[in-house]
Amino acid sequence: TIWNLGSINADMVYDLPHLPAPGETLAAHGLDRFLGGKGANMSVAAARAGSRVSHIGAVGHDGRWAKDRLTEYGVDTRYISEVDLPTGHAIIAVDAEGENLIILYPGANHALDVSHLGQALSSASTGDLLILQNETNAQVEAAQFGRKLGLTVCYAAAPFQAQAVQAVLPYLDFLILNEIEAEQLRQETGMGAADLPVRHVIVTLGAKGARYLQQGNDPVEFSAHKVQAVDTTGAGDTFTGYVLAGMDRGMPMEQAILQANRAAALMVTRHGTADVIPDLREVRDATFD
Ligand code: ADP
């Protein structure tokens, strides 16, 4: 089982003739509401990859639809609590040229009760995976609980904050970050990805693929598949979810990365996020040049 202490957002996308100026009131042509948040995306990706996924998190009283959507995608939502704050959301204004402006409100994602987290994780078994990202509260508590319970503790260092990474670093078995985040980490802490005291580190490299650093071994490079990318949002989350699913199934890491690389390549050919993450069959059947 994969336990994901993760964010859940409503991505509200408003179509506008132009981006609003200060003081301006502007009517939108349309509104689309998508399930988002790095946490929710990773849960959906791992579930689509065939794993059993328990999402731990919080939504507001307005967030029942998000839980329903996660359930529809095969994620166990019984450890998502309802709190007295609005569900996390992003208000995304998009103009006719595709330029955007985003307001992010973490809301319920920062209001998870630590005792609720403890209760959820008390149902975990030794050897289960725990994944965290930097969009919720209680990351350190979760990493500590996870380590104590004998879970494989994983961290996706996004959105990047050096302090947040350093706080969980002592408890990690696996760290995944993209090239920009790895560079920020090096600049702010002096630690290159290869120097980190973590058994498994993956640096994703966008259209260049990914690099796997296993402590004590030479780095292994994976090149990306050549595809026509139309929307790269959610590529990293899809990659992470598929790697976790592979690990959870006991695959060698290299094999899990190959599958994640295929899933993420397919993902960048699609518009959208959680709602369009490919399932295992599509990933296996995909052919690339
Ligand atoms: P993030 O979305 O977190 O910034 P990356 O941009 O590094 O992460 O992308 C994550 C993974 O998605 C890459 O390791 C690769 O497998 C895949 N990917 C991203 N962009 C492309 C692309 N243009 N073509 C093929 N695969 C891609």
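A residue is classed as buried if 20 or more other C-beta atoms lie within 10 Å of its own, as exposed if 12 or fewer do, and as partly exposed in between, with C-beta atoms placed from the backbone. The model described here is predicted; local features require pLDDT of at least 70, side-chain atom pairs count only at pLDDT 80 or more, and totals for chains, interfaces and linings use all residues. Residues are numbered from 1 along each chain as its sequence is written.

Helices (H or I, at least four residues) and strands (E, at least two) are DSSP runs numbered from the N terminus, and two strands pair if DSSP finds at least two bridges between them. Nine strands form an open sheet of mixed pairing, in the order S5-S4-S1-S8-S9-S10-S11-S12-S13. Strand S4 (residues 53-59) pairs with S5 in the parallel sense over five bridges, and Gly57 stands opposite Ile80 in S5.

Axes are lines fitted to C-alpha atoms, for helices over the stretch in contact, and angles run from 0 to 180 degrees between N-to-C directions. Helix H4 (residues 139-148) touches strands S1 (2-5), S8 (129-133) and S9 (152-156), and its direction makes about 165 degrees with that of S8. Helix H7 (residues 235-248) touches S1, S8, S9, S10 (174-178) and S11 (200-204), its direction likewise making about 165 degrees with that of S8.

In H7, 14 of the 14 residues are buried. The expected span of a helix is 1.5 Å times one less than its number of residues; for the 14 residues of H7 this gives 20 Å, which agrees with the 20 Å between its end C-alpha atoms. Just after H7, Gly250 takes a positive phi of about 80 degrees.

A nonpolar core is a set of buried Ala, Val, Leu, Ile, Met, Phe, Trp, Tyr and Cys residues joined through C-beta atoms within 7 Å. The largest such core has 84 residues, of which Leu175 and Val243 touch the most other members. Helix H8 (residues 253-267) gives the most to this core, with eight residues. Beyond its neighbours within four places in sequence, Val243 contacts Ile176, Ile202, Ala256, Ile257 and Ala260.

The UniProt annotation "active site" (unreviewed entry) is placed at Asp237; such annotations may be inferred rather than shown by experiment, and their positions are given in the numbering used here, with feature names shortened. Asp237 lies in helix H7 and is buried, with 29 other C-beta atoms within 10 Å. Residues up to four places away in sequence aside, Asp237 touches Lys38, Asn41, Met42 and Ala45. The UniProt annotation "binding site" (unreviewed entry) includes Asp237, Ala207 and Lys208. Ala207 is located in the loop between S11 and S12 (210-214) and is partly exposed, with 14 C-beta neighbours inside 10 Å. Lys208 lies in the loop between S11 and S12 and is exposed, with 12 other C-beta atoms within 10 Å.

Methods: Two residues are in contact if their C-beta atoms, placed from the backbone, lie within 7 Å.
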